[in-house]
Amino acid sequence: MQNIILGTAALNQTALDFEGNKSRIKKAIFEARKKGAHILCLPELAVTGYGCEDEFFSMGVCANAEAAIKGLCLETQNILTVFGAPIYIEGHLYNCAVVVKDKKIIGITAKKHLAREGIHYEP
């Protein structure tokens with residue numbers, strides 16, 4: 001039976017700094033792979049940064065996040081990586097975990113309980 005090494009990364013992401021956020025994510029993937037991780041779980045909304053507030057409703061933010069994920073997919077050879085990003089699906093905005101392995105998106109799952117205002121969660 002083979003052990004599976006799971007890695008996590010705490011990233012200092014900046015809201016809407018797509019290039020900087022991508023750079024920090026690439027470094028995290030590189031470090032996780034170097035340490036032998038098979039799976040890397042990145043933080044919620046790691047691609048866009050947390051705290052974009054109303055900007056999440058801008059199609060440009062989701063388009064930039066999608067482009068960033070496509071570029072980051074190239075970094076996932078031999079390591080399953082879970083990216084946090086906002087995704088529009090059939091006209092609705094979701095806070096998602098995008099699962100990528102060997103340069104291909106293999107799954108997307110949406111968060112079920114979302115904040116209505118800022119960081120305050122519904123009961």
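Modeller: The second largest pocket holds about 180 Å³ of space. A pocket is an open set of points on a 1 Å grid over the protein atoms alone, where a 1.4 Å probe fits, with protein on both sides within 12 Å along at least five of seven lines. Grid points are joined across faces, edges and corners, and the volume is the space filled by probe spheres set on the points. Please note that this is a predicted model: local features need pLDDT of at least 70, side-chain atom pairs count only at pLDDT 80 or more, and totals for chains, interfaces and linings use all residues. Residues are numbered from 1 along each chain as its sequence is written, and side-chain values use heavy atoms, with hydrogens and water left out.

Colleague: Which residues line the second largest pocket?

Modeller: The lining consists of M59, C62, A63, E66, I69, K70, P86, I87, Y88, V98, I105 and I108, where a lining residue has an atom within 4 Å of a point. The elements giving two or more residues to this lining are α2 (59–73), β3 (80–89) and β5 (104–110). Helices (H or I, at least four residues) and strands (E, at least two) are DSSP runs, numbered from the N terminus.

Colleague: Which element gives the largest share of that lining?

Modeller: Helix α2 does, with six residues. By type, the lining has ten nonpolar residues, no polar ones and two charged ones. Here Ala, Val, Leu, Ile, Met, Phe, Trp, Tyr, Cys and Pro count as nonpolar, Asp, Glu, Lys and Arg as charged, and the others, Gly among them, as polar.

Colleague: I69 is on that list. Is it buried or exposed?

Modeller: I69 is buried, with a relative accessible area of 3%. Buried means under 20%, exposed over 50%, and partly exposed in between, using a 1.4 Å probe and protein chains only.

Colleague: What is I69 in contact with, beyond its neighbours within four places in sequence?

Modeller: I69, which sits in helix α2, is in contact with V47, A85, I87, V98 and I105; contact means heavy atoms within 4.5 Å. I69 and G84 are 15 residues apart in sequence, and their C-alpha atoms are 9.5 Å apart in space.

Colleague: Now the sheet. In what order do the strands lie?

Modeller: The sheet is open, its five strands follow the order β1-β2-β3-β4-β5, and the pairing is mixed. Two strands pair if DSSP finds at least two bridges between them. The edge strands, β1 (6–8) and β5, each pair on one side only.

Colleague: Which pairs run parallel?

Modeller: β1 runs parallel to β2 (residues 39–41), joined by three bridges, and L6 has I39 as its bridge partner in β2. β2 and β3 also pair in the parallel sense, over three bridges, with V82 in β3 as the bridge partner of C41.

Colleague: How do β3 and β4 run?

Modeller: They run antiparallel and are joined by nine bridges; for example, the bridge partner of A85 in β4 is C96. The two strands form a hairpin with two residues between them, and E90 in the turn has a positive phi of about 50°. β3 is mostly covered, since eight of its ten residues are buried.
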